[in-house]
Amino acid sequence: MEKQLLERLFWENKAIEETFENKKRKHEHGSGFCTVFILDTSETMAGEGLHQMKKALWDILDEYKTLCLDDNVAVIGFGAETKFLHYYSNRYSSIEKCLDNIDCKGPSPLESGIILSYSCLKHGGGHTSNVHPLVIRARVVVISDGNFTGLSDPRESLETTTESETFDRLLALVGSQGECNPFTFIPVGRNPNYVGWNFVQIY
């Protein structure tokens, strides 16, 4: 339990640090909506999963360019490393290039990806758009095969069950942050874990 708390504290502090990196790049930000994509770069995504994930994001970015949108997109990867692949920007061609060197390795700690995204969601790295009478907050899109592992124990996986501490923590994270920022989950891969997806998708 103590190890989990220390891990969470580490990623919460990391999110605050990365907020300054997003703010430093305000000159790259557009005036439209903000969306952060959280991409699974773990070993189970190698091959078909990675191909589908890249195509999904490329198609979305192509749509942005076709419609001449001025939206902000940030990209976070979680796998052997959890890190920003691209900070908020409306330079869609640059964002596409950040996918070129993804190497699928390691566990699948979605928790760290979600906590790191706080930099984009609630620490001031992005912004809320006012479209009268609506207030549009930053959105989160997770692309993964759904086989998430624990924050500090990569052996604790959701591949076959949702009865785990990892699953409970994910539900709590998505449930609490989802009250302010809408989450969308896109399953990819040859055999995505729909059991886990269906439960988390409720939020």
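Let's start with strand 2, which is mostly covered: eight of its eight residues are buried, where buried means under 20% relative accessible area, exposed over 50% and partly exposed in between, with a 1.4 Å probe and protein chains only. Strands here are DSSP runs of E with at least two residues, helices are runs of H or I with at least four, and both are numbered from the N terminus.

Quick housekeeping. This is a predicted model, so local features need pLDDT of at least 70 and side-chain atom pairs count only at pLDDT 80 or more, while totals for chains, interfaces and linings use all residues. Residues are numbered from 1 along each chain as its sequence is written, and side-chain values use heavy atoms, with hydrogens and water left out.

Okay, the overall picture. We've got seven helices and seven strands, and along the sequence they go α-β-α-β-β-α-α-α-β-β-β-α-β-α. The protein has 203 residues, and 50% of them count as buried. If you take contacts (heavy atoms within 4.5 Å) with a separation of 6 or more, 75% of them come from residues 24 or more positions apart.

Back to strand 2, residues 72-79. On one side you have Asn72, Ala74, Ile76 and Phe78, on the other Val73, Val75, Gly77 and Gly79, and all are buried. Strand 2 pairs with strand 3, residues 82-89, in the antiparallel sense over five bridges; for pairing, DSSP has to find at least two bridges between the strands. These two strands form a hairpin, with two residues between them.

Now over to strand 1. How many of the residues of strand 1 are buried? Eight of the eight, residues 34-41, so this strand is largely enclosed by the rest of the structure. Cys34, Val36, Ile38 and Asp40 point one way, Thr35, Phe37, Leu39 and Thr41 the other way, and all are buried. Strand 1 runs parallel to strand 2, with eight bridges joining them. Along that pairing, phenylalanine 37 stands opposite valine 75, and aspartate 40 stands opposite phenylalanine 78. To get from strand 1 to strand 2, the chain goes through helix 2, residues 48-66, and this β-α-β crossover is right-handed. That is, with the strands pointing away from the viewer, the path from the first strand over the helix to the second runs clockwise.

Strand 1 also pairs with strand 6, residues 139-144: they run parallel, joined by five bridges. There, valine 36 stands opposite valine 140.

Next, the cores. A nonpolar core here is a set of buried Ala, Val, Leu, Ile, Met, Phe, Trp, Tyr and Cys residues joined through side-chain atoms within 4.5 Å. The largest one has 28 residues, and Val36, Ile38, Leu110 and Ile114 have the most contacts inside it. Helix 4, residues 110-116, gives the most to this core, with four residues. Zoom in on isoleucine 38: leaving out residues up to four places away in sequence, its contacts include Ile76, Phe78, Leu110, Ile114 and Val140. There's also a second, separate core of 20 residues, and Phe37, Met53, Ala56 and Cys98 are among its members.

What about disulfides? With a disulfide taken as a pair of cysteine sulfur atoms within 2.5 Å, the count comes to zero.

Last stop, aspartate 71, in the loop between helix 2 and strand 2. Is aspartate 71 buried or exposed? At 8% relative accessibility, aspartate 71 counts as buried. Its side chain reaches the backbone nitrogen of phenylalanine 33 at 3.0 Å. Setting aside neighbours within four places in sequence, aspartate 71 is in contact with Gly32, Phe33, Tyr64, Ser89, Asn90, Tyr92 and Arg139.

Technical notes. Polar contact = N/O pair within 3.5 Å; in protein donor to acceptor, adjacent residues only side chain to side chain.
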